[in-house]
Amino acid sequence: MEMLGNRRLAITQQQAWEALNDPETLKKCIPGCDKFELTGENTYSVGLAVKIGPVSAKFSGKVMLSDIVAPDGYKLTFEGQGGVAGFAKGSSSVTLRPLADAAPAAPTDAPAAEGAEAAPAVAPAGCELDYTVQAQVGGKIAQLGQRLIDGAAKSTADDFFKRFEAEMQSRYGPPPAAAPENAEAPAEKTGAVAGFMKKIGLGKKSDKDAEPGAGGEAGGG
């Protein structure tokens, strides 16, 4: 079985890297996983329940990381035994890369007008994850047919990323949104400007227009 995919994550590359190297996070996000423990250098003991079609089994095995290049990616190899259900073994590669920002850092030295235009164009933090999986299965599972096995593998991957994204959102919050900040900032600036204008006397003019001016017209009429 071979599978490859690409996911866009609303967290930084470093945050994704830390999560993908955290046994507790992986245990939470891998469907059916009830054990993911570090047992040696870059080696983990794993236990998970698997159901493919009519076959259900509890697999026990290990995962080993290699070719580690933080925070860009790693390769992992895995093997597991599920008793009469069969076995599974294979390898996977995971690659992370940051999403390109929509605006370069240079405009920070630009005049105020240009800076104001550039600010909304900055993209929220994020990264992309590419993965490939090559796996071999044997026993009862292998007799189920390639289509059923591939479908189960894709469903497991989709479920993992749903859980992973939910976990990252609960940990780091939703993707940063510019709208709330922009909504608050003008109000603060307006208040500050109004206060300053009153201090230098410009505010009194508008007050006279609003109250005494209106009264003067009424008296004149």
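Gly73 lies in strand S5, which spans residues 73-81. The model is a predicted one. Gly73 has a relative accessible area of 8% and is therefore classed as buried, the cut-off being under 20%. When neighbours within four places in sequence are left aside, Gly73 is in contact with Trp17, Asp67, Ile68, Val94 and Thr95. Leu20 stands 53 residues from Gly73 along the chain, and the C-alpha atoms of the two are separated by 9.4 Å.

Leu20 also takes part in a helix pairing. Helix H1 (residues 13-20) packs with helix H4 (residues 146-172) at an angle of about 115°, and their axes are 12 Å apart. The crossing of H1 and H4 is right-handed. On the H1 side the contact is made by Gln15, Ala16, Glu18, Ala19 and Leu20, and on the H4 side by Phe160, Phe164, Met168, Arg171 and Tyr172. By class, the residues of this contact comprise seven nonpolar, one polar and two charged.

The protein chain contains seven helices and seven strands. In sequence order, these elements follow the pattern β-α-α-β-β-β-β-β-α-β-α-α-α-α. Values for the whole chain are tabulated below.

| Property of the protein chain | Value |
|---|---|
| Buried residues | 26% of the 221 residues |
| Contacts joining residues at least 24 apart, among those between residues at least 6 apart in sequence | 58% |

Conventions:
Residues numbered from 1 in each chain as written. Predicted model: local features only at pLDDT ≥ 70, side-chain atom pairs only at ≥ 80, totals over all residues. Heavy atoms only, no water. Axes fitted to C-alpha atoms, helices over the stretch in contact; angles between N-to-C directions. Helix = DSSP H or I, 4+ residues; strand = E, 2+ residues; numbered from the N terminus. Left-handed = near helix turned anticlockwise from the far one by under 90°. Contact = heavy atoms within 4.5 Å. Nonpolar A, V, L, I, M, F, W, Y, C, P; charged D, E, K, R; others polar. Buried < 20%, exposed > 50% of the residue type's maximum accessible area, 1.4 Å probe, protein only.
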